[in-house]
Amino acid sequence: MQNNTMSLKTENQCVTDKKFAVINPCKMCQPMGAVQALLGVKGAMPLIHGSQGCSTYMRFQLCRHFREPINVSSTSMSEGTVVYGGEGNLLKALNTIWKEYNPELIGVTSSCLTETIGDDMSLIIKKFKNSHPDEDLPPIVPISTPSYSGSHVDGYDKAVKSLVENLAHPEENNHKINVIPGMISPADIMAIKDILKELDMESIFITDTSESLNSPLTDDVSFLPGEGTKVDEIRESANSIATISLSKHADSAGAFLQKKCGVKSISGPLPVGVRNTDQFIDYITKRRSIEVPESIQRDRGKIIDAIVDAHPYNYSRKVALYGDPDVVTGLSRFVCELGMIPSVVCTGVQSSRFVEDMEKIAKENNVSPVVLAGCDLYDLHQQVKCQDIELLIGNSYGARIAEAENIPILRMGFPVYDRLGAQRISILGYKAGIQMVDTITNIMLENYYDESGHEIMEF
C-alpha cells in the first residue's frame with residue numbers, strides 16, 4: 001500500500017527507514033464517516049452498497065465507541081453480484097428497508113467493492129423511484145464513498161454535502177444559522193447548541209448526533225434514530241443566513257449552499273480553548289448585534305483562571321497529538337495556551353490545510369512541531385521515541401505507543417473503545433476547556449510530581 005507522506009520537515013524531525021507502506025493506519029474508511037453523518041438525521045437508515053462485512057465493521061466500531069445500538073443495513077454483495085453487478089441487490093435492499101422500517105430518509109453509501117465494479121447508484125435509485133410512481137417514498141440520497149481512497153473525514157464531508165445537494169430547497173429567509181459540526185462527540189454538539197441557545201441564535205445542525213448517539217435508556221426499541229436533524233430542517237438549510245463548518249475538512253456543504261443558494265459559508269476552526277472559542281462567539285454576537293452575555297464572559301474568565309493555576313505544572317511539557325486534522329489543530333493551539341509544547345502532531349488525512357494551520361500555530365506560539373500529514377501510527381511512534389514526549393493525546397489506537405514508551409495518554413477523538421464514556425467527552429467551548437485543563441494538569445501531577453507536589457527529577 002502506497003503511503004504518500006506529507007510532512008513539514010523541521011530540524012527536530014527524526015529520520016525513519018519506512019518510505020512506502022502504511023503499517024498502522026491513523027484513519028478509517030470513507031463509509032465510516034458517512035454513516036456517522038447519517039446517524040444524525042432523525043429517522044434515517046444508512047445503507048451500505050457493499051459486502052456484509054462492511055456494515056458489520058461499521059456497527060462494531062460505532063457500537064464500541066458510542067456504547068449505543070447501531071443499525072446499518074447492507075446490500076450484502078457476494079461473489080456472484082460482483083461479477084454480474086449489484087443492481088438487483090440494491091433494488092431489493094431499498095424495497096425491504098422502505099417497507100419494513102418506513103424510514104424518513106435512506107442514505108446509500110458506496111464501498112470499495114461497488115465503486116470498483118462501477119455500479120451507478122444514482123441510476124439504480126432512479127429506477128427504484130420510477131418503479132413506484134404512485135408511492136410516497138422517502139428521500140433516497142446516494143453518497144459516493146470509495147473505501148480505498150480518502151478517509152472517514154472525507155466520507156463525513158461527502159455525506160453532508162450529498163444531503164444538502166439532494167434536499168436543500170430555497171424559499172424565504174429563516175434567519176437561522178447552519179452548523180456543520182464535523183466528526184465531534186455528541187457532548188460537543190450539545191455544548192455548541194447550549195452556547196447558541198445562550199446567544200439566542202436559532203440554528204440547524206447538519207447533522208445532529210447529540211441525542212441519537214447518546215440516548216437515554218427507555219423501554220422503546222427503534223431501528224432508526226429517534227432524534228437528530230429533521231429532513232425538513234435540511235431542506236430549510238438553503239434559507240439560512242450563514243453556514244458555520246466547525247471543521248475545515250467538512251465545509252463542502254457550506255461551499256455548495258453559498259454557491260447555489262447564497263448562504264454565506266464560514267469554515268472553522270474548531271472552537272477548542274480560549275482563542276478558537278472567542279472567534280466562534282465573536283462571529284455569532286456580531287451576526288446578532290449583541291454583547292457577549294455575562295454568563296459566557298464568566299466562563300471565559302474561569303478557563304483563563306484555570307490555565308493560570310495550572311501553568312506551573314504544564315509549562316514546557318512536550319505533547320504529541322494525533323487523530324482527525326481539525327481536532328489535532330484545535331488541541332495544538334489549546335496546549336500552547338496551557339504553556340505546553342506540541343512537539344509532534346500527526347493525522348492520517350492527507351491535507352495541505354492541516355499543514356498550513358500547523359505552520360500558523362507554530363509561528364504564532366514560537367514552537368517547532370514535527371508535522372505528519374497522511375502518515376500512520378508507526379510514523380508517530382518513531383517521532384515520539386526521539387522527542388522526549390511527556391503526554392500523548394489521541395484515540396485508543398495510541399495506547400500501545402503510550403505503553404511501549406511509558407508515557408501517559410489522554411484518550412480523545414475517534415475511536416475510544418478501551419474506556420467508557422467516549423460519547424460524553426467534550427472539548428469545545430469554555431466550560432469543556434476548564435475540564436480539559438483540570439484533566440491534563442492532573443495527568444501531569446500524577447505522572448511527574450510526588451505526593452507533596454514536588455517535581456520528580458531524573459538524574
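User: At roughly what angle do the axes of helix H13 (residues 325-337) and helix H14 (residues 352-365) cross?
Analyst: This is a predicted model, in which local features need pLDDT of at least 70 and side-chain atom pairs count only at pLDDT 80 or more, while totals for chains, interfaces and linings use all residues. Helices (H or I, at least four residues) and strands (E, at least two) are DSSP runs, numbered from the N terminus. Axes are lines fitted to C-alpha atoms, for helices over the stretch in contact, and angles run from 0 to 180 degrees between N-to-C directions. The axes of H13 and H14 come within 10 Å, and they cross at roughly 5°.

User: How is H13 oriented relative to H14?
Analyst: Angles under 35 degrees count as roughly parallel, over 145 as roughly antiparallel, 65 to 115 as roughly perpendicular and the rest as oblique. With a crossing angle of roughly 5°, H13 and H14 are therefore roughly parallel.

User: Which residues of H14 make the contact with H13?
Analyst: Residues are numbered from 1 along each chain as its sequence is written, and side-chain values use heavy atoms, with hydrogens and water left out. Contact means heavy atoms within 4.5 Å. H13 contributes Pro325, Val328, Thr329, Ser332, Arg333 and Cys336, and H14 contributes Phe354, Asp357, Met358, Ile361, Glu364 and Asn365.

User: How many of the residues in the contact of H13 with H14 are nonpolar?
Analyst: Ala, Val, Leu, Ile, Met, Phe, Trp, Tyr, Cys and Pro count as nonpolar, Asp, Glu, Lys and Arg as charged, and the others, Gly among them, as polar. By that sorting, three residues of the contact are polar and three charged, and the nonpolar ones number six.

User: H13 also packs against helix H11 (residues 273-288); what is their relative orientation?
Analyst: The axes of H11 and H13 are 7 Å apart, and the packing angle is about 120°. Gly273, Val274, Arg275 and Asn276 of H11 meet Gly330, Arg333, Phe334 and Glu337 of H13, a set with two nonpolar, three polar and three charged residues. Given the angle, H11 and H13 are therefore oblique.

User: Which residues of helix H10 (252-261) does helix H7 (152-167) meet?
Analyst: H7 and H10 pack with their axes 8 Å apart, at an angle of about 25°, which makes them roughly parallel. Their contact holds five nonpolar, one polar and three charged residues. From H7 come Asp157, Val160, Lys161, Val164 and Glu165, and from H10 come Ser252, Ala253, Phe256 and Leu257.

User: Is proline 181 buried or exposed?
Analyst: Proline 181 lies in the loop between strand S6 (177-180) and helix H8 (186-198). Leaving out residues up to four places away in sequence, proline 181 touches Tyr156, Ile189, Phe205, Ile206, Thr207, Leu246, Ser247 and Leu270. Buried means under 20% relative accessible area, exposed over 50%, partly exposed in between (1.4 Å probe, protein chains only). At 1% relative accessibility, proline 181 is buried.

User: Which residue does a cis peptide bond join to isoleucine 206?
Analyst: The bond has an omega of about 5°. Its second residue sits in the loop between strand S7 (203-205) and helix H9 (231-236). The partner of isoleucine 206 is threonine 207.

User: What is omega near in the peptide bond from phenylalanine 414 to proline 415?
Analyst: Proline 415 is placed in the loop between strand S14 (409-411) and helix H17 (429-448). Both phenylalanine 414 and proline 415 are among the contacts of asparagine 395. The peptide bond joining them is cis, with omega near 0°.

User: What is the relative accessible area of asparagine 395?
Analyst: Asparagine 395 lies in the loop between strand S13 (391-394) and helix H16 (399-405). Beyond its neighbours within four places in sequence, its contacts are Tyr322, Ile409, Met412, Phe414 and Pro415. Asparagine 395 counts as buried, with a relative accessible area of 6%.

User: Is asparagine 102 buried or exposed?
Analyst: Asparagine 102 is found in the loop between helix H4 (87-101) and strand S4 (105-109). Its phi is near 50°, a positive value in a residue other than glycine. At 58% relative accessibility, asparagine 102 is exposed.

User: Over the face of which residue does arginine 64 lie?
Analyst: A charge sits over a ring if NZ of Lys or CZ of Arg is within 6 Å of the ring centre and within 35 degrees of the ring normal. Arginine 64 is 3.9 Å from the ring centre of tyrosine 417.
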